[in-house]
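Hi,

Here is the model I promised to pass on.

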Amino acid sequence: MENSVLTYFINRSPKYNASSAWVTDKMFIQKIYQLSEANENSTVLDVATGTGLIAKQFHGNVKKIVGVDICESMVQQAKDQLDTLIISKIENISLPDNSFDICVCRQGLQFAELDETLKQIYRILKPGGVTVLAHLTSYPEETEEDKKITFKIQALREPVRKNYLSYDTIQKMLQTAGFKDIEIHPYITKESINRWINHGAISEENKTAIIQCYHMAPSHYKEIHHIEIFDNDIFDDMHMTIVKAKKPQY
Ligand SMILES: C[S@@+](CC[C@H](N)C(=O)[O-])C[C@H]1O[C@@H](n2cnc3c(N)ncnc32)[C@H](O)[C@@H]1O
(Lines give C-alpha, C1' and ligand atoms only; values in the text may rest on other atoms or scores of the structure.)
Protein backbone atom coordinates (compact mmCIF):
# COMPACT_ATOMS: atom_id res chain seq x y z
CA MET A 1 0.00 0.00 0.00
CA GLU A 2 2.85 2.40 0.91
CA ASN A 3 4.38 1.77 -2.51
CA SER A 4 1.08 2.50 -4.17
CA VAL A 5 0.85 5.98 -2.54
CA LEU A 6 4.36 6.64 -3.78
CA THR A 7 3.65 5.32 -7.29
CA TYR A 8 0.45 7.34 -7.41
CA PHE A 9 2.35 10.58 -6.68
CA ILE A 10 5.20 9.71 -9.04
CA ASN A 11 2.52 9.47 -11.75
CA ARG A 12 0.76 12.66 -10.62
CA SER A 13 3.87 14.81 -10.20
CA PRO A 14 4.20 16.18 -13.80
CA LYS A 15 0.63 17.56 -13.80
CA TYR A 16 0.19 18.16 -10.06
CA ASN A 17 0.29 21.98 -10.05
CA ALA A 18 -2.47 22.12 -12.69
CA SER A 19 -4.64 19.34 -11.28
CA SER A 20 -7.22 21.43 -9.39
CA ALA A 21 -8.17 25.05 -8.81
CA TRP A 22 -7.35 24.80 -5.07
CA VAL A 23 -3.76 23.71 -5.69
CA THR A 24 -2.56 27.20 -6.69
CA ASP A 25 -5.41 29.24 -5.14
CA LYS A 26 -3.59 32.27 -3.66
CA MET A 27 -6.39 33.17 -1.21
CA PHE A 28 -6.42 29.61 0.14
CA ILE A 29 -2.63 29.56 0.57
CA GLN A 30 -2.64 33.01 2.23
CA LYS A 31 -5.40 31.96 4.61
CA ILE A 32 -3.25 29.05 5.81
CA TYR A 33 -0.27 31.40 6.18
CA GLN A 34 -2.24 34.01 8.15
CA LEU A 35 -3.76 31.42 10.49
CA SER A 36 -0.31 30.04 11.26
CA GLU A 37 0.70 33.34 12.97
CA ALA A 38 4.08 33.10 11.19
CA ASN A 39 6.71 35.81 11.63
CA GLU A 40 10.39 36.22 10.74
CA ASN A 41 11.45 34.20 13.83
CA SER A 42 9.23 31.19 13.13
CA THR A 43 10.52 27.69 12.45
CA VAL A 44 8.01 25.91 10.21
CA LEU A 45 7.48 22.27 9.20
CA ASP A 46 5.41 21.66 6.03
CA VAL A 47 4.11 18.09 6.21
CA ALA A 48 3.54 16.40 2.82
CA THR A 49 5.13 19.40 1.17
CA GLY A 50 4.61 18.03 -2.36
CA THR A 51 5.68 20.55 -5.02
CA GLY A 52 6.18 23.23 -2.33
CA LEU A 53 3.17 25.45 -3.02
CA ILE A 54 2.54 26.03 0.71
CA ALA A 55 6.25 26.21 1.55
CA LYS A 56 6.67 28.93 -1.09
CA GLN A 57 4.40 31.26 0.94
CA PHE A 58 6.61 30.81 4.05
CA HIS A 59 10.01 30.80 2.33
CA GLY A 60 11.84 34.08 2.98
CA ASN A 61 9.19 35.25 5.47
CA VAL A 62 10.21 32.93 8.33
CA LYS A 63 13.45 31.85 10.00
CA LYS A 64 13.34 28.31 8.60
CA ILE A 65 10.98 26.26 6.45
CA VAL A 66 11.45 22.48 6.42
CA GLY A 67 9.48 20.17 4.12
CA VAL A 68 8.83 16.47 4.60
CA ASP A 69 7.44 14.15 1.92
CA ILE A 70 7.82 10.58 0.66
CA CYS A 71 7.95 11.38 -3.06
CA GLU A 72 11.17 12.59 -4.74
CA SER A 73 9.42 13.47 -8.01
CA MET A 74 6.98 15.78 -6.20
CA VAL A 75 9.60 17.51 -4.02
CA GLN A 76 12.02 18.07 -6.90
CA GLN A 77 9.72 21.00 -7.71
CA ALA A 78 9.85 22.22 -4.05
CA LYS A 79 13.58 22.40 -3.46
CA ASP A 80 13.86 26.15 -4.10
CA GLN A 81 11.06 26.83 -1.58
CA LEU A 82 12.68 24.96 1.33
CA ASP A 83 15.61 25.50 3.68
CA THR A 84 15.67 21.77 4.44
CA LEU A 85 14.04 18.81 2.73
CA ILE A 86 13.44 15.51 4.49
CA ILE A 87 12.39 12.45 2.49
CA SER A 88 10.42 10.41 5.02
CA LYS A 89 6.99 9.26 5.97
CA ILE A 90 5.68 11.80 8.47
CA GLU A 91 4.75 8.87 10.74
CA ASN A 92 8.47 7.91 11.09
CA ILE A 93 10.06 11.34 11.10
CA SER A 94 13.12 11.69 13.34
CA LEU A 95 12.94 15.42 14.16
CA PRO A 96 13.50 16.36 17.83
CA ASP A 97 10.67 16.96 20.32
CA ASN A 98 9.53 20.58 20.86
CA SER A 99 11.54 21.89 17.90
CA PHE A 100 9.11 23.84 15.62
CA ASP A 101 6.89 26.89 16.15
CA ILE A 102 4.49 25.96 13.35
CA CYS A 103 3.45 22.79 11.56
CA VAL A 104 1.25 23.03 8.46
CA CYS A 105 -0.21 20.35 6.24
CA ARG A 106 -2.46 20.82 3.23
CA GLN A 107 -4.04 17.76 1.62
CA GLY A 108 -1.58 15.23 3.04
CA LEU A 109 -3.35 13.58 5.97
CA GLN A 110 -5.67 11.54 3.75
CA PHE A 111 -2.67 9.42 2.67
CA ALA A 112 -1.07 8.94 6.12
CA GLU A 113 -1.86 7.12 9.36
CA LEU A 114 -3.88 9.88 11.01
CA ASP A 115 -3.35 9.04 14.70
CA GLU A 116 0.38 8.61 14.32
CA THR A 117 0.75 11.74 12.20
CA LEU A 118 -1.06 13.92 14.73
CA LYS A 119 1.07 12.44 17.53
CA GLN A 120 4.19 13.37 15.56
CA ILE A 121 2.96 16.92 14.91
CA TYR A 122 2.21 17.33 18.63
CA ARG A 123 5.61 15.93 19.62
CA ILE A 124 7.57 18.11 17.19
CA LEU A 125 5.77 21.38 18.02
CA LYS A 126 7.09 23.59 20.81
CA PRO A 127 4.68 24.27 23.69
CA GLY A 128 2.43 27.08 22.43
CA GLY A 129 3.17 26.04 18.83
CA VAL A 130 0.50 26.28 16.13
CA THR A 131 -0.70 23.70 13.63
CA VAL A 132 -2.83 24.50 10.57
CA LEU A 133 -4.26 21.52 8.65
CA ALA A 134 -6.27 22.08 5.46
CA HIS A 135 -8.16 19.22 3.82
CA LEU A 136 -10.99 18.35 1.48
CA THR A 137 -13.93 17.18 3.61
CA SER A 138 -17.65 16.59 3.47
CA TYR A 139 -19.95 19.57 4.18
CA PRO A 140 -21.46 19.83 7.69
CA GLU A 141 -24.90 19.70 6.00
CA GLU A 142 -24.24 16.35 4.31
CA THR A 143 -26.25 13.34 5.50
CA GLU A 144 -24.62 9.93 5.91
CA GLU A 145 -25.94 9.06 2.41
CA ASP A 146 -24.45 12.27 0.99
CA LYS A 147 -21.08 11.49 2.58
CA LYS A 148 -21.11 8.12 0.80
CA ILE A 149 -21.30 9.98 -2.52
CA THR A 150 -18.58 12.47 -1.54
CA PHE A 151 -16.27 9.71 -0.34
CA LYS A 152 -17.01 7.44 -3.33
CA ILE A 153 -16.01 10.27 -5.68
CA GLN A 154 -12.81 10.80 -3.66
CA ALA A 155 -12.04 7.05 -3.68
CA LEU A 156 -12.47 6.87 -7.45
CA ARG A 157 -10.13 9.85 -7.94
CA GLU A 158 -7.57 8.75 -5.33
CA PRO A 159 -7.79 4.96 -4.85
CA VAL A 160 -4.70 5.10 -2.58
CA ARG A 161 -6.43 7.30 0.01
CA LYS A 162 -6.38 5.92 3.55
CA ASN A 163 -8.77 8.43 5.16
CA TYR A 164 -12.08 10.05 4.28
CA LEU A 165 -12.59 13.18 6.30
CA SER A 166 -15.80 14.72 7.55
CA TYR A 167 -15.62 18.43 8.33
CA ASP A 168 -15.07 17.68 12.05
CA THR A 169 -12.83 14.56 11.88
CA ILE A 170 -9.52 16.39 12.29
CA GLN A 171 -10.89 18.66 15.00
CA LYS A 172 -11.97 15.64 17.09
CA MET A 173 -8.65 13.89 16.56
CA LEU A 174 -6.68 17.00 17.52
CA GLN A 175 -8.69 17.22 20.76
CA THR A 176 -7.80 13.59 21.52
CA ALA A 177 -4.14 14.27 20.74
CA GLY A 178 -4.08 17.05 23.40
CA PHE A 179 -4.34 20.19 21.23
CA LYS A 180 -6.22 23.26 22.51
CA ASP A 181 -7.79 26.43 21.07
CA ILE A 182 -9.14 24.52 18.09
CA GLU A 183 -10.74 26.64 15.34
CA ILE A 184 -12.46 25.42 12.17
CA HIS A 185 -12.46 27.59 9.04
CA PRO A 186 -14.38 26.42 5.97
CA TYR A 187 -13.02 27.23 2.53
CA ILE A 188 -15.01 26.57 -0.63
CA THR A 189 -13.24 25.80 -3.90
CA LYS A 190 -15.08 25.61 -7.23
CA GLU A 191 -13.63 22.74 -9.24
CA SER A 192 -14.06 21.82 -12.88
CA ILE A 193 -14.50 18.06 -12.80
CA ASN A 194 -12.90 17.66 -16.25
CA ARG A 195 -9.76 19.28 -14.85
CA TRP A 196 -10.00 17.51 -11.45
CA ILE A 197 -10.16 14.02 -12.99
CA ASN A 198 -7.34 14.58 -15.46
CA HIS A 199 -4.54 14.50 -12.91
CA GLY A 200 -2.47 11.90 -14.75
CA ALA A 201 -2.95 8.89 -12.45
CA ILE A 202 -6.54 7.81 -12.99
CA SER A 203 -8.14 5.16 -15.21
CA GLU A 204 -10.73 6.00 -17.89
CA GLU A 205 -13.11 3.68 -16.04
CA ASN A 206 -12.80 5.74 -12.82
CA LYS A 207 -13.26 9.02 -14.72
CA THR A 208 -16.51 7.73 -16.19
CA ALA A 209 -17.67 6.48 -12.78
CA ILE A 210 -17.02 9.92 -11.19
CA ILE A 211 -19.07 11.67 -13.86
CA GLN A 212 -21.87 9.14 -13.33
CA CYS A 213 -21.83 9.80 -9.56
CA TYR A 214 -22.48 13.50 -10.21
CA HIS A 215 -25.26 12.87 -12.70
CA MET A 216 -26.97 10.39 -10.38
CA ALA A 217 -26.61 12.43 -7.15
CA PRO A 218 -29.92 13.45 -5.52
CA SER A 219 -31.04 17.06 -5.93
CA HIS A 220 -30.32 18.06 -2.32
CA TYR A 221 -26.71 16.85 -2.78
CA LYS A 222 -26.47 18.94 -5.95
CA GLU A 223 -27.81 21.94 -3.99
CA ILE A 224 -25.28 21.60 -1.15
CA HIS A 225 -22.44 21.32 -3.67
CA HIS A 226 -23.90 23.93 -6.08
CA ILE A 227 -23.40 21.43 -8.89
CA GLU A 228 -23.56 23.11 -12.30
CA ILE A 229 -23.38 21.33 -15.63
CA PHE A 230 -22.41 23.30 -18.73
CA ASP A 231 -19.88 23.31 -21.61
CA ASN A 232 -19.62 19.51 -21.33
CA ASP A 233 -18.21 19.90 -17.83
CA ILE A 234 -19.46 19.60 -14.22
CA PHE A 235 -18.61 22.19 -11.55
CA ASP A 236 -18.59 21.27 -7.85
CA ASP A 237 -18.14 23.72 -4.93
CA MET A 238 -15.96 21.43 -2.86
CA HIS A 239 -15.64 21.91 0.91
CA MET A 240 -12.19 22.34 2.41
CA THR A 241 -11.83 22.44 6.18
CA ILE A 242 -8.92 24.41 7.63
CA VAL A 243 -8.30 23.49 11.26
CA LYS A 244 -6.05 25.58 13.48
CA ALA A 245 -4.94 24.35 16.91
CA LYS A 246 -2.26 24.98 19.54
CA LYS A 247 -0.09 22.72 21.63
CA PRO A 248 -0.68 23.93 25.18
CA GLN A 249 2.04 25.84 27.07
CA TYR A 250 3.15 23.70 30.00
C1 LIG B 1 -2.03 16.13 -2.51
S2 LIG B 1 -0.30 16.31 -2.26
C3 LIG B 1 -0.24 17.79 -1.28
C4 LIG B 1 1.02 18.59 -1.53
C5 LIG B 1 1.05 19.97 -0.85
N6 LIG B 1 0.89 19.87 0.58
C7 LIG B 1 0.02 20.90 -1.42
O8 LIG B 1 -0.83 21.39 -0.68
O9 LIG B 1 0.05 21.17 -2.64
C10 LIG B 1 0.02 15.04 -1.07
C11 LIG B 1 1.51 14.82 -0.76
O12 LIG B 1 1.60 13.95 0.38
C13 LIG B 1 2.74 13.13 0.24
N14 LIG B 1 2.59 12.00 1.18
C15 LIG B 1 1.69 10.98 1.10
N16 LIG B 1 1.79 10.19 2.17
C17 LIG B 1 2.77 10.72 2.96
C18 LIG B 1 3.33 10.35 4.23
N19 LIG B 1 2.90 9.27 4.88
N20 LIG B 1 4.31 11.12 4.75
C21 LIG B 1 4.76 12.22 4.08
N22 LIG B 1 4.27 12.62 2.87
C23 LIG B 1 3.28 11.89 2.32
C24 LIG B 1 2.71 12.78 -1.25
O25 LIG B 1 3.96 12.30 -1.71
C26 LIG B 1 2.29 14.12 -1.88
O27 LIG B 1 3.41 14.90 -2.23
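One definition before anything else: I call a residue buried if 20 or more other C-beta atoms lie within 10 Å of its own, exposed if 12 or fewer, and partly exposed in between, with C-beta atoms placed from the backbone. By that count Ala-209 is partly exposed, because it has 16 C-beta neighbours inside 10 Å.

Two housekeeping points. Residues are numbered from 1 along each chain as its sequence is written. This is a predicted model, so local features need pLDDT of at least 70 and side-chain atom pairs count only at pLDDT 80 or more, while totals for chains, interfaces and linings use all residues. Helices (H or I, at least four residues) and strands (E, at least two) are DSSP runs, numbered from the N terminus.

I'd start with β4, residues 100-106. 7 of its 7 residues are buried, so the strand is largely enclosed by the rest of the structure. I say that two strands pair if DSSP finds at least two bridges between them. Strand β1 (residues 43-47) runs parallel to β4 and is joined to it by 4 bridges; Leu-45 has Cys-103 in β4 as its bridge partner. β4 is also parallel to strand β5 (residues 125-137), this time with 6 bridges, and Phe-100 has Leu-125 in β5 as its bridge partner. To get from β4 to β5 the chain goes through helix α5 (residues 114-124), and this β-α-β crossover is right-handed (with the strands pointing away from the viewer, the path from the first strand over the helix to the second runs clockwise).

In the loop between β4 and α5 you'll find Gln-107. Gln-107 has a positive phi of about 55° although it is not a glycine. It counts as partly exposed because 19 other C-beta atoms lie within 10 Å.

Strand β8 and its partners

Which strands pair with β8? β5 does, in the antiparallel sense, and so do β6 and β7. Strand β8 itself (residues 233-246) is mostly covered, with 11 of its 14 residues buried.

- β5 and β8 are antiparallel over 8 bridges, and Leu-133 has Val-243 in β8 as its bridge partner.
- Strand β6 (residues 180-192) runs antiparallel to β8 with 11 bridges, and Lys-190 stands opposite Asp-237 in β8.
- Strand β7 (residues 228-230) is antiparallel to β8 with 3 bridges, and Phe-230 stands opposite Asp-233 in β8.

β7 and β8 form a hairpin with 2 residues between them, and Asp-231 in the turn has a positive phi of about 50°. His-226 has a positive phi of about 45° and is not a glycine; it counts as exposed because it has 12 C-beta neighbours inside 10 Å.

Helix packing

Axes here are lines fitted to C-alpha atoms, for helices over the stretch in contact, and angles run from 0 to 180 degrees between N-to-C directions. Angles under 35 degrees count as roughly parallel, over 145 as roughly antiparallel, 65 to 115 as roughly perpendicular and the rest as oblique.

The axes of helix α6 (residues 144-157) and helix α9 (residues 204-216) come within 9 Å and cross at roughly 165°. That angle makes α6 roughly antiparallel to α9. The crossing of α6 and α9 is left-handed (the near helix is turned anticlockwise from the far one by less than a right angle; clockwise would be right-handed). The contact is made by Ile-149, Lys-152, Ile-153, Leu-156 and Arg-157 of α6 and Asn-206, Ala-209, Ile-210 and Cys-213 of α9, where contact means C-beta atoms, placed from the backbone, within 7 Å.

For α5 and helix α7 (residues 169-177), the axes come within 10 Å and cross at roughly 55°. The two helices are therefore oblique to each other, and their crossing is right-handed. Leu-114, Leu-118, Lys-119 and Tyr-122 in α5 meet Met-173, Leu-174 and Ala-177 in α7.

Ala-21 is in the loop between α1 (2-12) and α2 (26-35). Not counting residues up to four places away in sequence, Ala-21 touches Thr-189, Lys-190 and Glu-191.

Cheers

Terms used. Contact = placed C-beta atoms within 7 Å.
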